[in-house]
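Trainee: Hi, could you walk me through this model? I'd like to go residue by residue where we can.
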Protein chains: 2
Amino acid sequence: MAEAALPESAAEASRPREDRGHSQSVRAQLALRELLLSGEIAPGSRLSELAIVERIGVSRTPVRAALTMLAEEGLVEPIPSGGFAARAFSEQDVRDSIELRGTLEGLAARLAAERGIGALAAQTLRDLLARLDEVVAGPLGAPDVFERYIALNAEWHRQVTGLAGSRVVERQIERVMALPFASPSAFVMAQAQTEEARRILTLAQDQHHAVVEAILQREGARAEALMREHSRLAGRNLANAARSRQAMAQVPGGALIRLRPA
Amino acid sequence: MAEAALPESAAEASRPREDRGHSQSVRAQLALRELLLSGEIAPGSRLSELAIVERIGVSRTPVRAALTMLAEEGLVEPIPSGGFAARAFSEQDVRDSIELRGTLEGLAARLAAERGIGALAAQTLRDLLARLDEVVAGPLGAPDVFERYIALNAEWHRQVTGLAGSRVVERQIERVMALPFASPSAFVMAQAQTEEARRILTLAQDQHHAVVEAILQREGARAEALMREHSRLAGRNLANAARSRQAMAQVPGGALIRLRPA
DNA sequence: TATCTTCCTGTTGTATACAGAATGAACACA
DNA sequence: TGTGTTCATTCTGTATACAACAGGAAGATA
């Protein structure tokens, strides 16, 4: 193709910034995921490799690689006769994914508590809590407040899953979170508009504190139970968001969710 | 290559039976997994695509596909500079994998209990239990007794994870069990030789009964706790097997496990 | 008009060629 | 003898050609 013949630097410069430095496969994966999550590719529809090639401008080989990766992630499913189709999710699937995340994060929290964490990790957690406190207590009307919360929240969850000290567990949690609506912050933006926002953030943040306390005091069972319950907050938010199409549009991957399927 | 030019039937006939009807990619995946699990490819070593091509007789494309699949499974890990390496596992990794399976199976059992199962499914479970009872109570010296136990045990676990009625959860459990030493029957053969075999099988089978009872009586928390504890039997068996090189050889994927790493 | 057959188009699975990058060996030099 | 450098080899990532296959439309026949 034409682009491949360009000198490397020119080709790089002409690409979207986020794609720089990535291999074609990664590029294809990112682009395809974007197309899927935004709903531009309708859930259920077949994904023709050639069509994707034209759309994202890399050859079939990396597209194919991207498709198998996305199939592993679960965003795409293999068709028996060959090829892949964009996957649709039921509300129950979302609910189960959240429960799954809660269970695995609960495991991670319990392991962290049982095995103990170092002083440095403890301080990192406390710092994160303090910064989250600021955001939650501050004015919610300020710009980017929720984006800031999401970033800090994601970091907190990453920390806790990392503290288990188990590659195996960490990997598995990453897998679950590959489904974007299963992520800890999936429903934050959907709630941001509601008047309940502050209440929910307050509850979540209190749970954050409690989990850290439990981990520091080596209370494994408590850490686990709290972490599970924490995930159920997302479940509640899902129930609320499901009532409004507008709210669902704020949820990452919301376009893939078929509400009240037959 | 030569083989590709052969008429389909001849090529098929000349292949090992297990490979019939599969695509080249699946063939490569099976063959590679076998090479990895048997330890023929040393853990930690780099996997040259060309070397694999020569070894299993399919071209680079399906080999590459197989490698990415195995990377998702976790048997192989990507090298930063490109390519893949056979992965080695620590005893802790195995322990964590077992804990992970227990946690997820516990979730499945709880969901099954909470959501309830149909009469048909209940009967299937009872039948399986009865057949397992026979094996466990019978003479353990008879040929293939343990193979039979493994098959029935695997089926029982498959049933329970299926009863949760959640694709998402089921998929995740499949992922964990892709690591062969995490499977419910991983350490059965290693224990088969010991005098403790009957005791362990008896304990496991009692837990099977208890889990089914809990599910049928809709006791979610109990089903979950039992299922977790059930998985810890494997953890105990691991501790025993780890003491003997001969016992480890009986464990599927045992060759990948680096005991007492530095 | 309904149904079966045939053929054609589009699609995937596979093999392979090529370019750029990485790795390791050989060699020069301190 | 140890160290830094250069070069050749090997490898991966990507593009593309080709063949088998699936699915569907058009046409023939009852």
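Mentor: Happy to, and here is a term we'll need: a residue counts as buried when its relative accessible area is under 20%, and as exposed when that area is over 50%, with partly exposed in between. Keep in mind too that this is a predicted model.

Trainee: Thanks! Let me try it out on Ile173(B): buried or exposed?
Mentor: Ile173(B) has a relative accessibility of 4%, so it counts as buried. You'll find Ile173(B) in helix α9 of chain B.

Trainee: And what does Ile173(B) touch, apart from residues up to four places away in sequence?
Mentor: Ile173(B) touches Leu104(B), Glu105(B), Ala108(B) and Thr161(B). Take Thr161(B): it sits twelve residues from Ile173(B) in sequence, and their C-alpha atoms are 7.6 Å apart in space.

Trainee: While we're on α9, how do α9(A) and α9(B) pack, I mean at what angle?
Mentor: Helix α9 of chain A and helix α9 of chain B, residues 167–177 in each, pack at an angle of about 150°, and their axes are 11 Å apart. The two helices are therefore roughly antiparallel to each other.

Trainee: Which residues make that contact?
Mentor: On the α9(A) side they are Gln172(A), Arg175(A) and Val176(A), and on the α9(B) side Gln172(B), Arg175(B) and Val176(B). As for handedness, α9(A) passes α9(B) in a right-handed crossing.

Trainee: Let's zoom out a bit. What rotation superposes chain B on chain A?
Mentor: A rotation of 180°, with 0.0 Å of shift along its axis, and the RMSD is 0.0 Å. That is the relation of a two-fold axis.

Trainee: Through which surface do the copies meet?
Mentor: The copies meet through the same surface, because 100% of the interface residues of chain B are also interface residues in chain A.

Trainee: Can you show me a residue that touches the other chain? What does Thr103(B) touch, again not counting residues up to four places away in sequence?
Mentor: Thr103(B) touches Thr103(A), Leu107(A) and Arg110(A), and also Arg228(B). Thr103(B) is placed in helix α6 of chain B, which covers residues 91–115. With 0% relative accessibility, Thr103(B) counts as buried.

Trainee: Okay, new topic: the nonpolar core. Which residues have the most contacts inside the largest one?
Mentor: That would be Phe187(A) and Phe187(B), in a core of 90 residues. Setting aside neighbours within four places in sequence, the contacts of Phe187(A) include Val94(A), Ile98(A), Phe181(A) and Ala234(A). Asn237(A), Leu238(A), Ala241(A) and Val251(A) are also in contact with Phe187(A).

Trainee: Where is Ala234(A), then?
Mentor: Ala234(A) is in helix α12 of chain A, residues 220–241. Its relative accessibility is 8%, so Ala234(A) counts as buried. Not counting residues up to four places away in sequence, Ala234(A) touches Ile98(A), Arg101(A) and Phe187(A). Gly102(A) is 132 residues from Ala234(A) along the chain, yet their C-alpha atoms are separated by 9.6 Å.

Trainee: Back to helix pairs. At roughly what angle do α8(A) and α11(A) cross?
Mentor: Roughly 25°, and the axes of α8(A), residues 145–163, and α11(A), residues 197–216, come within 12 Å. That angle makes α8(A) roughly parallel to α11(A). The crossing is left-handed. The contact residues include Phe146(A), Tyr149(A) and Trp156(A) of α8(A), along with Leu201(A), His208(A) and Ile215(A) of α11(A).

Trainee: What about backbone angles? What is phi of Arg218(A) near?
Mentor: Phi of Arg218(A) is near 60°, a positive value in a residue other than glycine. Most residues other than glycine have a negative phi. Arg218(A) lies in the loop between α11 and α12 of chain A, and at a relative accessible area of 49% Arg218(A) is partly exposed. Over in chain B, Arg218(B) has a positive phi of about 60° as well.

Trainee: Last one, I promise. Is Gln29(A) buried or exposed?
Mentor: Gln29(A) counts as buried, with 11% relative accessibility. It belongs to helix α3 of chain A, residues 24–37. Leaving aside neighbours within four places in sequence, Gln29(A) is in contact with Ala66(A), Met69(A), Leu70(A) and Glu73(A).

How values were computed: Residues numbered from 1 in each chain as written. Chains lettered and ligands numbered in written order. Predicted model: local features only at pLDDT ≥ 70, side-chain atom pairs only at ≥ 80, totals over all residues. Heavy atoms only, no water. Core = buried A, V, L, I, M, F, W, Y, C linked by side-chain atoms within 4.5 Å. Buried < 20%, exposed > 50% of the residue type's maximum accessible area, 1.4 Å probe, protein only. Contact = heavy atoms within 4.5 Å. Least-squares fit on C-alpha atoms with pLDDT ≥ 70 in both. Axes fitted to C-alpha atoms, helices over the stretch in contact; angles between N-to-C directions. Helix = DSSP H or I, 4+ residues; strand = E, 2+ residues; numbered from the N terminus. Parallel < 35°, antiparallel > 145°, perpendicular 65-115°, else oblique. Left-handed = near helix turned anticlockwise from the far one by under 90°.
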